Amino acid sequence: MKLEQFNLASAAEAKKLIAHCVALNDWVTALVSQRPYASLDDLLQQGDTLAQQWDAKSLTQALSAHPRIGERARGSGKEAALSRGEQSSVNEEDHQLKQALKAGNAAYEQRFGRVFLIRAKGRSGEEMISELVRRLANDPQQEQQEALDQLREITRLRLRETFQ
């Protein structure tokens with residue numbers, strides 16, 4: 001999609017074009033309301049600025065659209081397709097890795113009460129499990145900040161890819 005198309009679309013259409021980036025309607029609405037954007041960099045910068053306002057409630061809401069690491073997203077929507085692609089480095093044939101991710105996910109959810117979130121794109125399954133183990137040592141406040149930072153990275157990556 002071209003930035004010009006986004007800038008010229010109706011608000012409803014523009015929202016549909018970027019809704020897959022993050023399951024936070026307020027962010028999508030705010031980003032659309034700031035159109036037109038002179039460049040992709042301007043759009044990304046505004047997206048980053050708006051994402052800095054996210055809090056624990058935003059994280060909980062956004063996580064509703066994220067599968068566990070190592071589990072394939074279900075559904076036919078654009079967000080599910082993106083998630084499947086982003087996690088493609090998790091080798092489904094590696095049973096040891098799958099078991100480690102399953103155990104790590106369970107430990108994380110028990111400790112923090114939410115799904116473990118990490119930018120999977122560009123990371124191997126082993127790197128993700130290593131990060132999961134490291135982050136289990138965080139205190140709840142540290143972990144909330146790391147999860148929000150990961151959510152921001154994922155959102156920025158998806159937004160950039162939407163316009164390239």
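Author: Let us begin with contacts, meaning heavy atoms within 4.5 Å. Among contacts in the chain between residues at least 6 apart in sequence, 66% join residues at least 24 apart. Please keep in mind that this is a predicted model, where local features need pLDDT of at least 70 and side-chain atom pairs count only at pLDDT 80 or more, while totals for chains, interfaces and linings use all residues. Residues are numbered from 1 along each chain as its sequence is written, and side-chain values use heavy atoms, with hydrogens and water left out.

Reader: How many helices and strands does the chain have?
Author: Helices (H or I, at least four residues) and strands (E, at least two) are DSSP runs, numbered from the N terminus. Here the chain has nine helices and zero strands. Along the sequence the pattern reads α-α-α-α-α-α-α-α-α.

Reader: How do I read the way two helices pack, say α7 and α8?
Author: Angles under 35 degrees count as roughly parallel, over 145 as roughly antiparallel, 65 to 115 as roughly perpendicular and the rest as oblique. Helix α7 (residues 95-112) and helix α8 (residues 125-135) pack at about 25°, with axes 10 Å apart. The two are therefore roughly parallel to each other.

Reader: Which residues of α7 and α8 make the contact?
Author: From α7 come Leu-97, Ala-100, Leu-101, Gly-104, Asn-105, Tyr-108 and Phe-112, and from α8 come Gly-125, Glu-126, Ile-129, Leu-132 and Arg-135. To sort them by class, Ala, Val, Leu, Ile, Met, Phe, Trp, Tyr, Cys and Pro count as nonpolar, Asp, Glu, Lys and Arg as charged, and the others, Gly among them, as polar. This contact of α7 with α8 divides into seven nonpolar, three polar and two charged residues.

Reader: What about the angle between α2 and α3?
Author: The axes of α2 and α3 come within 9 Å and cross at roughly 125°. These helices are therefore oblique to each other. In this pair, Ala-11, Ala-14, Lys-15 and Ile-18 of α2 meet Val-28, Thr-29, Leu-31 and Val-32 of α3. By class, the contact of α2 with α3 has six nonpolar, one polar and one charged residues.

Reader: And at what angle do α5 and α9 pack?
Author: Their angle is about 55°, and the axes are 10 Å apart. That makes α5 oblique to α9. On the α5 side Ala-56, Leu-59 and Ala-62 take part, facing Gln-144, Ala-147, Leu-148 and Leu-151 of α9. The classes in the contact of α5 with α9 are six nonpolar, one polar and no charged residues.

Reader: How do I tell what is buried?
Author: Buried means under 20% relative accessible area, exposed over 50%, and partly exposed in between (1.4 Å probe, protein chains only). Buried residues make up 42% of the 164 residues in the chain. In soluble globular proteins, nonpolar side chains tend to be buried together. A nonpolar core is a set of buried Ala, Val, Leu, Ile, Met, Phe, Trp, Tyr and Cys residues joined through side-chain atoms within 4.5 Å.

Reader: Which residues touch the most other members of the largest nonpolar core?
Author: Of its 39 residues, they are Phe-6, Ile-18, Trp-27 and Leu-159. At least two residues each come from α1 (3-8), α2 (11-18), α3, α4, α5 (56-63), α7, α8 and α9 (140-162). Helix α9 gives the most to this core, with five residues. Take Ile-18: leaving aside neighbours within four places in sequence, Ile-18 is in contact with Phe-6, Val-28, Leu-31, Val-32, Leu-159 and Phe-163.

Reader: Is Arg-35 buried or exposed?
Author: At 19% relative accessibility, Arg-35 counts as buried. Arg-35 sits in the loop between α3 and α4, and a cis peptide bond, with omega about 5°, joins Arg-35 and Pro-36. Not counting residues up to four places away in sequence, Arg-35 touches Phe-6, Asn-7, Leu-8, Ala-9, Ser-10, Ala-11 and Ala-14. Arg-35 and Phe-6 are 29 residues apart in sequence and 8.4 Å apart in space, C-alpha to C-alpha.

Key. Axes are lines fitted to C-alpha atoms, for helices over the stretch in contact, and angles run from 0 to 180 degrees between N-to-C directions.
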